[in-house]
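Subject: Structure handover, disulfide search

Hello,

Please find the structure below. My notes on the disulfides follow it.

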Amino acid sequence: PPLLLLLLLLLLPLGPAAPCSPQPNATHFICTEPTLSTFPSGLPTTTLAISVEFTALAALLPAALAGLPQLQELHLSSNRLATLPEGLLHPVPTLRVLDLTDNLLADLPAGIFTGNGHLQHLVLQGNQLQALQPAWFQHLPQLHWLNLAANALVEVPPAVFHPLHSLRSLDLSRNRLASLAPGALAGLRALRRLDLEGNRLGTLPPATFEPVPALRFLFLQGNELRALPAGIFVPLRHLRVLDLAHNRLQALELPLRSPGPALDLDISGNPWVCECPLLALLRRAAPRLTTARDTLCASPTRYRGQEVAAVSQAGDTGC
């Protein structure tokens, strides 16, 4: 009937609706539309959090965030962003969380974070960053969490993080670091967690950890460490977890034993020399070996293939 046909026509959309249209007076905006290629406009001034993730977004205009003075969280992970405008974040001085995980960023403008002194969480994991610019970190006194994992970083310049007095967690895992410059961690006196897993570190400067006495968690597994400088962990009196698994270490260094829980220690996958220096150290420090079954002696011959923990506790070692 003609009336029914008219009703059906009225119900049909007039044209393709724009994906992820903003809602008036909303405080949170979320869009995971794979076809989205332009950052949404017309977001209400009440917006506190934006999540535009898993889209085809490849570029942002300098004024993309204009008119959003209350914005506190910006999540832009898993897009196709290769560059960011220098003034992108200037309109959002209250921003506290910025997540740019899994984009194509090879660099950032020097002044990208000028005026973002309230930023607390910055995630740049899974990009293509090749070098760290000191200018990025000059104006972030409240930053607590910095994730730079899975980039292409080949060095950490001395004192590059020096202004980050509030930083609690630094993730530099899965980069291309073959060494750490002396003073690479300078200024990070509040740091609790440091992740250097999966790099190419062959050794570490003797004073590497002097600037980070508050460190609780240290991850160095999956590197190419052959030896550790004597006393390198002595400044870390509060260390609770130390992971040295899957390196090329034959001899061990440990922090001084302190009151409280035993140190959780993973030293599996290294070619340990089970002689008195190692065996006596393990008995004296009494760490909790988290993967004892995979922590084996490579030499001397009489202990080859045996668990380090069992050998260190044996009464017939002569140590």
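**Disulfides**

The link of Cys20 and Cys31 is right-handed, with 70 degrees about the S-S bond. A disulfide here is a pair of cysteine sulfur atoms within 2.5 Å, and the sulfur atoms of Cys20 and Cys31 are 2.0 Å apart. Cys20 lies in the loop between helix 1 (2-11) and strand 1 (28-31), and Cys31 lies in strand 1, so this pair ties together parts that are 11 residues apart in sequence. Helices (H or I, at least four residues) and strands (E, at least two) are DSSP runs, numbered from the N terminus.

The model is predicted: local features need pLDDT of at least 70, side-chain atom pairs count only at pLDDT 80 or more, and totals for chains, interfaces and linings use all residues. Residues are numbered from 1 along each chain as its sequence is written, and side-chain values use heavy atoms, with hydrogens and water left out.

On accessibility, buried means under 20% relative accessible area, exposed over 50%, and partly exposed in between (1.4 Å probe, protein chains only).

How many disulfides does a search of the whole structure find? It finds three. The other two are as follows.

Cys274 is joined to Cys297, with an S to S distance of 1.9 Å. This link is left-handed, with -95 degrees about the S-S bond. Cys274 sits in the loop between strand 12 (272-273) and helix 2 (276-285), while Cys297 belongs to strand 14 (residues 297-299), so the pair ties together parts that are 23 residues apart in sequence. Both Cys274 and Cys297 are buried.

Cys276 and Cys319 form a disulfide with their sulfur atoms 2.1 Å apart. The link of Cys276 and Cys319 is left-handed, at -85 degrees about the S-S bond. Distant parts of the chain are linked by this pair: Cys276 is in helix 2 and Cys319 is in the segment after helix 3 (308-313), 43 residues apart. Cys276 is partly exposed, with a relative accessible area of 35%, and Cys319 is also partly exposed, at 37%.

Regards
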